[in-house]
Amino acid sequence: MPDAELIVEPQANEIFLRLPVATLRRLREEVVRFHPWPMPGDDQASRIIRLVRSFQTTPEEVDRFISVVLG
């Protein structure tokens, strides 16, 4: 994902990403659930979010997230 920045190397089932605000809007419009994670360095152009994956997360949900992010 070209505009995504991995903030912390994943240790478990959580991923912290910095994404452009426009991408976050698309995710919200598509009802993709994620958690805003305010951090220093957030600005008008990009924000950090936390994604949590469970054993119930399906490959289709992951694929949908990626397709929305890629636009």
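**Salt bridges and the sheet**

Glu-14 counts as partly exposed because its relative accessibility is 30%; buried means under 20% relative accessible area, exposed over 50%, and partly exposed in between, with a 1.4 Å probe and protein chains only. Before going further, a word on the model: it is predicted, local features need pLDDT of at least 70, side-chain atom pairs count only at pLDDT 80 or more, and totals for chains, interfaces and linings use all residues. Residues are numbered from 1 along each chain as its sequence is written, and side-chain values use heavy atoms, with hydrogens and water left out.

Back to Glu-14, then. Glu-14 forms a salt bridge with Arg-50, and their closest N and O atoms are 3.0 Å apart. Here a salt bridge is a side-chain nitrogen of Lys or Arg within 4 Å of a carboxyl oxygen of Asp or Glu. Glu-14 sits in strand 2 and Arg-50 in strand 4, so the pair ties together parts that are 36 residues apart in sequence.

In the strand pairing, Arg-50 of strand 4 is the bridge partner of His-35. Pro-36 is 14 residues away from Arg-50 along the chain, yet their C-alpha atoms are separated by 6.3 Å.

How many salt bridges does the structure hold? There are three. Another one is between the side chains of Glu-5 and Arg-18, at 3.5 Å from N to O. Since Glu-5 lies in strand 1 and Arg-18 in strand 2, that contact ties together parts 13 residues apart in sequence. Arg-18 also has a salt bridge with Asp-42, with the closest N and O atoms 3.1 Å apart. Asp-42 is in the loop between strand 3 (35–36) and strand 4, and Arg-18 is in strand 2, so this pair ties together parts that are 24 residues apart in sequence. Put together, Glu-5, Arg-18 and Asp-42 are linked in a network of salt bridges. As for cover, Arg-18 counts as buried at 13% relative accessibility, while Glu-5 at 39% counts as partly exposed and Asp-42 at 24% counts as partly exposed.

Now for the sheet that these residues keep pointing to. Four strands form an open sheet in the order 1-2-4-3, and the pairing is antiparallel. Strand 1 and strand 3 are the edge strands, as each pairs on one side only. Two strands pair if DSSP finds at least two bridges between them. Strand 1 (residues 5–6) and strand 2 are joined by two bridges, strand 2 and strand 4 (residues 46–52) by seven, and strand 3 and strand 4 by two.

Is strand 2 largely enclosed or open? Five of the seven residues of strand 2 (residues 14–20) are buried, so the strand is largely enclosed by the rest of the structure.

**The pocket and the helix**

Rolling a probe the size of a water molecule over the atoms shows where empty space is left. In this model, the largest pocket has about 750 Å³ of space. Of its 25 lining residues, the closest to the centre are Arg-33, Leu-51, Val-52, Arg-53 and Thr-57. Strand 2, strand 4 and helix 2 are the elements that each give two or more residues to the lining, and helix 2 supplies the largest share, five residues. A pocket, on a 1 Å grid over the protein atoms alone, is an open set of points where a 1.4 Å probe fits, with protein on both sides within 12 Å along at least five of seven lines; lining residues have an atom within 4 Å of a point. Its volume is the space filled by probe spheres set on the points, which are joined across faces, edges and corners.

Helix 2 (residues 59–70) also includes Leu-70. Leu-70 counts as exposed because its relative accessibility is 53%. Together with Val-62 and Ile-66, Leu-70 makes a nonpolar surface patch of about 230 Å². Patches take residues with over 30% relative accessible area and no salt bridge, joining nonpolar side chains (Val, Leu, Ile, Met, Phe, Trp, Tyr) within 5 Å and like charges within 9 Å; the areas come from the Shrake-Rupley method with a 1.4 Å probe, and for residues only the protein chains shown count as cover.
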